[in-house]
Amino acid sequence: MRAALAEAQKAWDLGEVPVGAVVVKDGVVIATGFNQPIAGHDPTAHAEIVALRAAAKALGNYRLPGCELYVTLEPCVMCSGAMMHARLARVVYGAGDPKTGAAGSVVNLYESAQLNHHTQAVGGVLAAECGDLLKSFFAARRAAARAARGGTIVAQP
C-alpha cells in the first residue's frame with residue numbers, strides 16, 4: 001500500500017485527485033498507476049485502470065490471474081468491473097468511498113453471486129493514511145479557491 005500511496009502523491013503533484021494503485025504478482029510490483037483523467041482528458045484514467053493496462057502489457061495478456069491490485073481508495077463500479085474482467089485474484093484498498101465505492105460503501109460488486117468472476121476485496125489497509133491524503137488534497141483545493149476569490153465566502157442560495 002505504501003507504493004500505492006507514492007503513486008497517489010504523483011497524482012496530487014499534477015493536480016489530479018490523489019489516488020494510486022499498484023499491481024503485484026508473486027510478491028513483485030509489475031505495474032503502477034495514478035489518477036490521470038484531467039491531464040489525459042480520459043474519464044477512464046483512474047489509477048486502477050492505468051495500473052491494469054500497464055500490468056496487461058507487462059504480462060502480454062489481458063487476463064491477470066494470480067495478480068493483486070493495491071489501491072488507496074475503494075474502487076468505483078467501473079474499476080471494480082475491470083478488475084473482475086481481468087480476473088484479478090484480490091483487490092486491497094485503503095480508504096472507503098462513501099460516494100462511489102463498489103466494495104461495500106455504496107454497492108458491493110465483489111459479493112454479487114450473479115457475476116462470472118469473483119475477485120476478493122479487502123479494505124481498510126492504511127485507511128487513515130490514505131484518507132488523510134485525500135482530505136488534505138481537497139482542503140488545499142478549497143483554500144486555493146477561497147484565496148482566488150479574495151478570501152470571501154460566497155453565500156449559496
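**View 1. H46 and the residues it touches in this predicted model.** Leaving aside residues up to four places away in sequence, H46 makes contact with N35, C76, M78 and C79. You'll find H46 in a loop, the one that runs between α2 (37–40) and α3 (47–59). Is H46 buried, exposed or partly exposed? It is partly exposed, with a relative accessible area of 24%. Keep in mind while looking around that this is a predicted model.

**View 2. C76, one of the residues that H46 touches.** C76 also sits in a loop, this time between β3 (67–73) and α4 (77–85). Its relative accessibility is 14%, so C76 counts as buried. Which residues does C76 touch, not counting those up to four places away in sequence? They are H46, E48, T100 and A102.

**View 3. Helix α5 from end to end.** Now move along to α5, a helix of 22 residues covering positions 127–148. How far does α5 reach from its first C-alpha to its last? The answer is 32 Å, close to the 32 Å expected at 1.5 Å a residue. After the helix comes G150, and its phi is positive, near 85°.

View 4. Take the buried residues to begin with: in α5 they are C130, G131, L133, L134 and F137. Around the axis they cover an arc of only 155°, so they end up on the same side of the helix. What do these buried residues pack against? Their partners are α1 (2–13), β3 and β4 (90–95). Turn to the face that points away from the buried side, and there you'll see the exposed residues A128, K135 and A147.

View 5. The structure holds two aromatic pairs, and W12 with F137 is one of them. The two rings are edge-to-face, at 5.3 Å centre to centre and with 75° between the planes. Why does this pair tie together parts that are 125 residues apart in sequence? Because W12 belongs to helix α1 while F137 belongs to helix α5. As for how open they are, W12 is partly exposed at a relative accessible area of 24%, whereas F137 is buried at 3%.

View 6. F138 is partly exposed, and its relative accessible area is 33%.

Technical notes: Residues numbered from 1 in each chain as written. Predicted model: local features only at pLDDT ≥ 70, side-chain atom pairs only at ≥ 80, totals over all residues. Heavy atoms only, no water. Helix = DSSP H or I, 4+ residues; strand = E, 2+ residues; numbered from the N terminus. Buried < 20%, exposed > 50% of the residue type's maximum accessible area, 1.4 Å probe, protein only. Contact = heavy atoms within 4.5 Å. Expected span 1.5 Å × (residues − 1). Arc of directions from axis to C-beta. Phe/Tyr/Trp six-rings, centres within 6.5 Å; stacked < 30°, edge-to-face > 60°.
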